[in-house]
Amino acid sequence: MTEPVVRIPDAKVALSTASVYPESTATAFEIAARLGYDGVEVMVWTDPVSQDIEALRRLSDYHQVPILAVHAPCLLITQRVWSTDPWVKLQRARTAAEKLGASTVVVHPPFRWQRGYAREFVRGIWRMADETDVRFAVENMYPWRYRDREMLAYAPDWDVTKDDYRHFTVDLSHTSTARTDAIAMIDRMGDRLAHVHLADGNGSAKDEHLVPGRGKQPCAELLERLATRGFDGHVVIEVNTRRAMSAAEREADLAEALAFTRLHLASPSRVPRP
């Protein structure tokens, strides 16, 4: 005879500071602490606090919320943050992660017009990974679409599983925009999947970042599969709350996302009854 039990992996559930935009990085720490997140992922962007290691350390200490990951400034709006040289950006992201005790740097593949950077990207990421214990987890992206036109904006490819990286980040809003199978993607990533950006989407050409459960992505199924595998990376809530009409509504969305994640990041296991 056996009886069902629930197995919960060691993965920590973190809040991306991008999830509170247009509120500040400091607000993200406050909300993460109040709602009971295990930590935060710092999105390095135009907010000066997000670029300041000592300011981030003070926020982490004050709120007792660890920084689990640093997202390097790879967005169009952050092209001049921490340098215009993309390799310098990654070096500074690694330094920030090391000083803040974060285990992971999230990085996007290069834009196609960054030709020299794109040409050396795969080899360069391996070299940097060999120099530190911090994991460089390369994130899947998507084709840019306008009406019936599609533009391949990332190189070597938006589907990062086509190249050889030591660690991956899977983003479910990006799989939605790319209209690709998220479960098949994490299966291709296998044991190299180190980091998850959890969000939802309806297959729009826009990168939606909906609260998990409000779109068509297999968010619950993916979390349950990770639990079955004993996933020990980080699951980061990275959602868009810009349309929230109040701070209370934003916080309710982030509480819902956390509850959804904790509910599904578990798997049934069967053990012999004593």
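## A tour of pockets, a cavity and a helix pair

Start with the lining of the largest pocket: its residues divide into 19 nonpolar, eight polar and eleven charged. Keep in mind that this is a predicted model.

**Stop 1: the largest pocket.** About 1100 Å³ of space lies here. Select D207, E208, H209, N240 and R242. Of the 38 lining residues, these are the closest to the centre of the largest pocket. Next, colour β7 (144-146) and α8 (247-264). These are the elements that give two or more residues to the lining of the largest pocket.

**Stop 2: the second largest pocket.** Colour its lining by class and you get four nonpolar, four polar and four charged residues.

**Stop 3: the cavity.** How many cavities of 30 Å³ or more does the structure hold? One. About 130 Å³ of space lies in the largest cavity. Its lining has 14 residues, and P73, C74, P86, Q114 and Y117 are the closest to its centre. Now show helix α3 (residues 86-100). With three residues, α3 gives the most to the lining of the largest cavity. By class, the lining of the largest cavity divides into ten nonpolar residues, three polar and one charged.

**Stop 4: the α1 and α2 pair.** Hide the rest and select helix α1 (residues 25-35) with helix α2 (residues 53-63). Two packed helices are described by the angle between their axes and the distance between the axes. For α1 and α2 the angle is about 20°, and the axes are 10 Å apart. Angles under 35 degrees count as roughly parallel, so α1 and α2 are roughly parallel to each other.

Now show side chains. Which residues of α1 meet α2? On the α1 side, pick T25, A26, F29, E30 and A33. On the α2 side, pick L56, L59, S60 and H63. By class, this contact of α1 with α2 has five nonpolar, three polar and one charged residues.

How values were computed: Residues are numbered from 1 along each chain as its sequence is written. This is a predicted model: local features need pLDDT of at least 70, side-chain atom pairs count only at pLDDT 80 or more; totals for chains, interfaces and linings use all residues. Side-chain values use heavy atoms; hydrogens and water are left out. On a 1 Å grid over the protein atoms alone, a cavity is a set of points where a 1.4 Å probe fits but cannot get out, and a pocket is an open set with protein on both sides within 12 Å along at least five of seven lines; lining residues have an atom within 4 Å of a point. Grid points are joined across faces, edges and corners, and a volume is the space filled by probe spheres set on the points. Helices (H or I, at least four residues) and strands (E, at least two) are DSSP runs, numbered from the N terminus. Ala, Val, Leu, Ile, Met, Phe, Trp, Tyr, Cys and Pro count as nonpolar, Asp, Glu, Lys and Arg as charged, and the others, Gly among them, as polar. Axes are lines fitted to C-alpha atoms, for helices over the stretch in contact, and angles run from 0 to 180 degrees between N-to-C directions. Angles under 35 degrees count as roughly parallel, over 145 as roughly antiparallel, 65 to 115 as roughly perpendicular and the rest as oblique. Contact means heavy atoms within 4.5 Å.
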